[in-house]
Amino acid sequence: MPMKKTDGKTASTAVTVFKPWRFIALLFLILCFICLIVALSSQRWIHSEKSYYAGLWLKCGVIERSEIVDEGGLKVRETVQESSCEGQPRISWLNAVCAFVILALLIDIAALVMVIISFVISAFDWLARIAGFLCIIGVVFDLIALIVYSAMILGKIVEEIANAAWSDWYFGWSYGFCWGSTFFFTGAAVLLICLNKVDRSYYEKQDKDAYAM
């Protein structure tokens, strides 16, 4: 609260400043939360043109079977396609990927709560900066999960796909959502750490100028 002397009297002025960068950081954290939930719950981390797809928890595919159908007294053989899913084998690298994505989600929730508190209670303004550092940790966890998953898919899983006659496989949109969360984490970290420091320096200078008058 800046103080200013006027005609031998001391006047104080309280100014409430809306900081749009913090609101944008809050929006980034909400979008990051949505991306991580979608990445964890969906089964499209990898897919192929032959209807094979898999996520962190399940792997699914389309099974073709023939059956005889009676059509007006004529027996016709038809091919029926059925989708079936089964649990992913809980191998160590996949467990690690799941763990890092879940940790990133928990960090996002913690940072989100801190930013909201800093909005509501001005005395806890410093929580926004801590949330920024948490976002950096979230970026690291996201990147570890993505790098490990990519490396293992390109290494071991591609052999399993070839053996099972699955070809033309691609990374899916669930994988992309995890990259999206990394982007929003990074944006929130920049806003909460860098702009918070610039903003604090500006208002400290303003306070000094006010006292000097």
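A: One term to begin with: buried means under 20% relative accessible area, exposed means over 50%, and partly exposed is in between, with a 1.4 Å probe and protein chains only. By that scale Cys-32 is buried, at 0% relative accessibility. This is a predicted model, in which local features need pLDDT of at least 70 and side-chain atom pairs count only at pLDDT 80 or more, while totals for chains, interfaces and linings use all residues. Residues are numbered from 1 along each chain as its sequence is written, and side-chain values use heavy atoms, with hydrogens and water left out.

Q: How many disulfides does a search of the whole structure find?
A: One. A disulfide here is a pair of cysteine sulfur atoms within 2.5 Å. The partners are Cys-60 and Cys-85, with an S to S distance of 2.0 Å.

Q: Which strands do Cys-60 and Cys-85 lie in?
A: Cys-60 is in strand S5 (residues 58-71) and Cys-85 is in strand S6 (residues 74-87), so the pair ties together parts that are 25 residues apart in sequence. Helices (H or I, at least four residues) and strands (E, at least two) are DSSP runs, numbered from the N terminus. The link is right-handed, with 110° about the S-S bond.

Q: Buried or exposed, those two?
A: Cys-60 is buried at 4% relative accessible area. Cys-85 is partly exposed, at 45%.

Q: Changing topic. Where is Ser-42?
A: Ser-42 is in the loop between helix H1 (20-41) and strand S3 (46-48). Its relative accessible area is 10%, so Ser-42 counts as buried.

Q: What does Ser-42 touch?
A: Leaving out residues up to four places away in sequence, Ser-42 touches Gly-55, Trp-173 and Ser-174. Contact means heavy atoms within 4.5 Å. Ser-174 is 132 residues from Ser-42 along the chain, with 6.3 Å between their C-alpha atoms.

Q: What does the side chain of Ser-42 make a polar contact with?
A: With the side chain of Ser-174, at 2.5 Å. A polar contact is a pair of N or O atoms within 3.5 Å; within protein, one must be able to donate a hydrogen and the other to accept it, and residues adjacent in sequence count only if both atoms are side-chain atoms. The Ser-42 side chain also reaches the backbone oxygen of Val-38, at 2.5 Å.

Q: Now the rings. How many aromatic pairs does the search find?
A: The whole structure has 13. Rings of Phe, Tyr and Trp (its six-membered ring) pair if their centres lie within 6.5 Å; planes under 30 degrees apart count as stacked, over 60 as edge-to-face and the rest as tilted. One of the pairs is Phe-100 with Phe-141, which is tilted, 5.5 Å centre to centre with 55° between the planes.

Q: Which helices do Phe-100 and Phe-141 lie in?
A: Phe-100 lies in helix H2 (residues 92-120) and Phe-141 in helix H3 (residues 127-163), so this pair ties together parts that are 41 residues apart in sequence. Phe-100 is partly exposed, at 25% relative accessibility.

Q: Which residues do ring pairs link into a cluster?
A: Trp-45, Trp-93, Tyr-149, Phe-171, Tyr-175 and Trp-179. Of these, Tyr-149 is buried at 2% relative accessible area, whereas Phe-171 is partly exposed at 29%.
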